[in-house]
Amino acid sequence: MPVNCLCILCRIVITLQRGEHLQAFDYVAAQTVDEAVSLLAAKGAQARVLAGGTDLIVQLREGRRRLELVVDVKKIPEVNTLSYDSNNGLQLGAAVPCYKIYGDATIARAYPGLMDAFTLVGGTQIQGRASVGGNLCNSSPAADTTPTLIAHRATCVIAGPTGRREIPVEQFCTGPGRNVLGNGEFLVALRFPAPPQNFGAHYLRFIPRNEMDIAVVGVGSSVVLGADRATVTAARIALGAVAPTPLLVDEAAEALIGKPISDQTIAQAAAAAQAAARPISDMRGTIEQRRHLTGVLTRRTLQGAIARARGERVNHA
């Protein structure tokens with residue numbers, strides 16, 4: 001394995017679901033970003049990063065994914081960075097587990113719209129392992145975290161064999177379970193700008209019952225209000241579970257920007273979000289239901305975002 005750094009290598013054997021087969025793969029705990037990139041590049045599509053593992057381990061056990069190498073990145077300092085200040089914003093390492101984020105009172109106060117979603121990722125035990133970066137890289141159209149990442153203008157920091165690159169988070173997912181990561185690349189961190197004055201954001205999802213943890217529809221909205229707190233000067237509305245990838249709906253934002261806040265302008269934004277949705281019918285919901293819910297949740301998340309921008313308290317769902 002052509003790397004210059006000391007690595008920990010062992011052979012893992014997993015019993016597949018129902019005990020029918022065994023899957024063996026190499027496991028390496030990388031110590032640096034460069035080492036992880038080199039390991040991933042050497043194995044190409046047969047290698048994957050382990051951050052929290054709450055998706056990857058399940059996929060391996062069920063036989064839905066077969067690998068030759070798993071690269072654990074939890075020992076890389078940069079991938080575990082969690083820092084915030086009011087000038088530079090938030091730096092969130094791709095392996096930071098959810099509980100550490102919402103457990104930081106300063107970050108939770110600065111970004112309550114993120115906390116709406118981060119507290120929904122599985123149950124308490126899952127949140128002890130699952131990372132926001134891993135949730136994004138799993139690239140599910142119904143992921144709870146992605147719409148609110150988009151609403152908060154997150155930037156993806158990606159490392160690879162040719163160096164580093166950054167892309168807006170709304171460009172990261174390319175299809176169900178697919179994203180822009182190329183051979184040898186992995187997500188190092190997410191960067192968020194500091195919330196401007198009079199900024200508010202909110203995320204909501206619909207699930208038919210608590211036991212069903214996959215969103216039928218999810219919506220993340222953010223707004224920036226003018227000095228009078230009566231006019232929207234900037235907005236972002238992002239949808240989940242209504243298209244092959246999470247959607248940033250510019251038309252919904254355009255229905256708000258520069259206009260006084262009213263039930264009518266919010267309704268126009270909700271209608272634009274409905275028009276942009278491209279849902280399918282499946283066991284979780286129908287096309288008609290998802291379109292209806294898109295409008296309802298867009299309206300409610302905008303109301304919540306506006307309330308927070310005005311300094312009002314909005315509880316997490």
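**Exercise 1. Find which residues line the largest cavity, and sort them by class.**

Solution. Start with the term: on a 1 Å grid over the protein atoms alone, a cavity is a set of points where a 1.4 Å probe fits but cannot get out, and lining residues have an atom within 4 Å of a point. The residues that line the largest cavity are Thr146, Ile150, Val169, Glu170, Cys173, Thr245 and Pro246.

Next, the classes. Ala, Val, Leu, Ile, Met, Phe, Trp, Tyr, Cys and Pro count as nonpolar, Asp, Glu, Lys and Arg as charged, and the others, Gly among them, as polar. The lining then divides into 4 nonpolar, 2 polar and 1 charged residues.

Last, the volume, which is the space filled by probe spheres set on the points, with grid points joined across faces, edges and corners. For the largest cavity this gives about 30 Å³. The count of cavities of 30 Å³ or more is 1.

A note on the source: this is a predicted model, in which local features need pLDDT of at least 70, side-chain atom pairs count only at pLDDT 80 or more, and totals for chains, interfaces and linings use all residues. Residues are numbered from 1 along each chain as its sequence is written, and side-chain values use heavy atoms, with hydrogens and water left out.

**Exercise 2. Describe the second largest pocket and state where it lies.**

Solution. A pocket is an open set of grid points with protein on both sides within 12 Å along at least five of seven lines. The second largest pocket has a volume of about 450 Å³. It is lined by 23 residues, and those closest to its centre are Arg109, Pro112, Phe199, Arg308 and Glu312.

Now assign the lining to elements. Helices (H or I, at least four residues) and strands (E, at least two) are DSSP runs, numbered from the N terminus. At least two lining residues come from each of helix 4 (105–110), helix 5 (112–118), strand 12 (199–206) and helix 11 (287–309). Strand 12 gives the largest share, 3 residues. By class, the lining of this pocket has 9 nonpolar, 8 polar and 6 charged residues.

Then the location. The second largest pocket lies between domain 2 (77–192) and domain 3 (199–309), because both give residues to its lining. These domain bounds come from an automatic or database domain assignment.

**Exercise 3. Classify the aromatic pairs of Tyr111 by the angle of their planes.**

Solution. Rings of Phe, Tyr and Trp (its six-membered ring) pair if their centres lie within 6.5 Å; planes under 30 degrees apart count as stacked, over 60 as edge-to-face and the rest as tilted. The structure holds 2 aromatic pairs.

1. The rings of Tyr84 and Tyr111 have centres 5.6 Å apart and planes at 85 degrees, so this pair is edge-to-face.
2. Tyr111 and Phe192 are 6.2 Å apart centre to centre, with 55 degrees between the planes, and this pair is tilted.

Together, Tyr84, Tyr111 and Phe192 form one aromatic cluster. Tyr84 is partly exposed at 25%, whereas Tyr111 is buried at 1% and Phe192 is buried at 2%.

Key. Buried < 20%, exposed > 50% of the residue type's maximum accessible area, 1.4 Å probe, protein only.
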